Amino acid sequence: MWEPSEQVAISVTVNGHGYQRFVPARMTAADFLREYLDLTGTHLGCEHGVCGACTILLDGRTARSCILYAPQLDGATVTTVEGLEPEPGTQHPIQEAFRRCHGLQCGFCTPGFLLTVFEYLREEHAPDEACIRDALSGNICRCTGYQGIVDAVREADRMWTR
Amino acid sequence: MKPMPFRYVAPSDLEAALVAMHDHGDEVKALAGGQSLGPLLNLRLASPSVLVDLRRVDELAGEPVIDGEFVRIGAMTTDADVERSGVVATECPLLAEALPFVAHRTIRNRGTVGGSLAHADPAAEVPAVAMAAGAELLVRSVRGSRTIPVQEFFTGYFTTTLAPDELLVDVRFPRGGRNSGSAWAEFAPRNGDFAIVGVAVMLQIDADGAISSANVVCAGVADRPWCATAAASALLGQPPGQDLFAEAAALASRDCTPQDDLMASAGYRKQLVALLTSRALAGAAARLEER
């Protein structure tokens, strides 16, 4: 058990469901979620931690899943974008706000933004534009020019009762 | 990109971790928060055969605590936890001020103070702050333990005096006294980007209001945190003041020897050193007045 190995047994809770899997040590958490659990909402942009598209919640805090390795998920609780819906088939207020405020176009960066915004608004209330932009500065979007995203965060702040 | 294959182990205590580090010689890397090592692995700039994950080694983490004249911070304590620590805010305000500049919230949720020190990026905030504060690093291996003053720790680009089988266990920052003021100033192209230049200043004044000790340390101008010794010397024995600070900033700019690179020319970095040193000195003086 204490010998280093290339295959590791892990036990992880993702979006409320428990999974036990045998994973390659070098498989990233992002690839584990996408390939082993079919949770393809988590996206791969840069694969070195700078674009934010792969952002998930790990034990309640945002993390870049592309620079996490699957063995590091053992014993952890993960939430992906698929886990944001309050009830199956519904939308979280943040998702509704993004829809209303044109906070996405191609949608590739959006899951990462949603989880970053979730963590941010969980703690901050009525943030101003400068603070919102600062909080989002770790997530890159090629399509929107960010204004729609900033508007969506303000709207989500109003809509989401936390 | 994906990393080269490696073997992985997550020992459950420090002794087991030290044995693992020793048993695998030069082929092993310790995995702390992974926010610097992960990119290196994924880009295949590093390809260790064995990764020793420190996540289960409880002795290395925990809340920053007061330890005599120091604040002790476990090597695996995340930047986010240090940022939120009331002890650090009160006793090590320089560290508390610099940490929000480290990347982004998501990175700070996992990145660790110990990891930043061991990684030794010359543009990083934590190494420069540790130098300015005169921190001490406690290091262990199966062969024993030693305390390394931070001034001896950084030896080059991404290089420290850590032996391949050694682990940084904790860092002790001297507590800022009543007569001290500190500040951090940096410039990065966008919020959260690597600093092009960062400056840490620690000042102490005596009963007569003269500066009795000064540290001015720059990130991003050398292969390790760089001490602007002439600038610091010029401050000694003088009361804080704008003219004095301008003189010190000019000395720091004169003496640093940055390289041209993709992000900035050497000349631009020198200009930034002058500007940010002035800014940080003014900030430190303002903190002195608040005390």
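A residue counts as buried when its relative accessible area is under 20%. Keep that cut-off in mind for this tour of a predicted model.

**Stop 1: B:Thr160**

Select B:Thr160, which sits in strand S9 (residues 159-160) of chain B. Is B:Thr160 buried or exposed? Its relative accessible area is 13%, so B:Thr160 is buried. Now show its side chain: it reaches the backbone nitrogen of B:Leu162 at 3.2 Å.

**Stop 2: B:Ala120**

B:Ala120 lies in the loop between helix H7 (113-119) and helix H8 (125-133) of chain B. For background, most residues other than glycine have a negative phi.

**Stop 3: two backbone angles in chain A**

Move over to chain A and pick A:Asp59, in the loop between strand S3 (55-58) and S4 of that chain. Here is another residue other than glycine with a positive phi, this one near 50°.

Next, highlight strand S1 (residues 7-14) and strand S2 (residues 17-24) of chain A. How many bridges join these strands? There are eight, and the strands run antiparallel. At one of them, A:Val14 has A:His17 in S2(A) as its bridge partner. S1(A) and S2(A) make a hairpin with two residues between them. Click on A:Asn15 in that turn, and you will find a positive phi of about 50°.

**Stop 4: A:Asp74, facing chain B**

Now go to A:Asp74, in the loop between strand S4 (61-64) and strand S5 (77-79) of chain A. Leaving aside neighbours within four places in sequence, A:Asp74 is in contact with A:Ala9, A:Ile10 and A:Ser11 from its own chain, and with B:Arg55 and B:Arg56 across in chain B. Draw a distance between the side chains of A:Asp74 and B:Arg56: they are joined by a polar contact of 3.0 Å.

**Stop 5: the whole interface**

Time to zoom out and colour the two chains separately. The contact draws on 38 residues of chain B and 32 residues of chain A. About 3000 Å² is buried between the chains, with carbon and sulfur atoms giving 49% of that area. Which residues of chain B lose the most area to chain A? Select B:Tyr8, B:Thr106 and B:Arg110, which together account for 19% of what that side buries.

For the polar side of the interface, look through the 20 residue pairs in polar contact between chain B and chain A, both partners at pLDDT 80 or more. The elements of chain B that give two or more residues to this side are strand S1 (7-9), helix H2 (37-42), strand S3 (50-53), helix H3 (79-84) and helix H6 (105-110). The largest share, five residues, comes from H6(B). Colour the chain B side by class and you get 17 nonpolar, 11 polar and 10 charged residues.

**Last stop: the salt bridges**

Six salt bridges are found across the interface of chain B and chain A. To end on one pair, select B:Asp81 and A:Arg61, whose side chains meet in a salt bridge at 2.9 Å, N to O.

Methods:
Residues are numbered from 1 along each chain as its sequence is written. Chains are lettered from A and ligands numbered from 1 in the order in which they are written. This is a predicted model: local features need pLDDT of at least 70, side-chain atom pairs count only at pLDDT 80 or more; totals for chains, interfaces and linings use all residues. Side-chain values use heavy atoms; hydrogens and water are left out. Contact means heavy atoms within 4.5 Å. Buried area is the accessible area (1.4 Å probe) that two parts lose on being put together, summed over both. A salt bridge is a side-chain nitrogen of Lys or Arg within 4 Å of a carboxyl oxygen of Asp or Glu. A polar contact is a pair of N or O atoms within 3.5 Å; within protein, one must be able to donate a hydrogen and the other to accept it, and residues adjacent in sequence count only if both atoms are side-chain atoms. Helices (H or I, at least four residues) and strands (E, at least two) are DSSP runs, numbered from the N terminus. Ala, Val, Leu, Ile, Met, Phe, Trp, Tyr, Cys and Pro count as nonpolar, Asp, Glu, Lys and Arg as charged, and the others, Gly among them, as polar. Two strands pair if DSSP finds at least two bridges between them. Buried means under 20% relative accessible area, exposed over 50%, partly exposed in between (1.4 Å probe, protein chains only).
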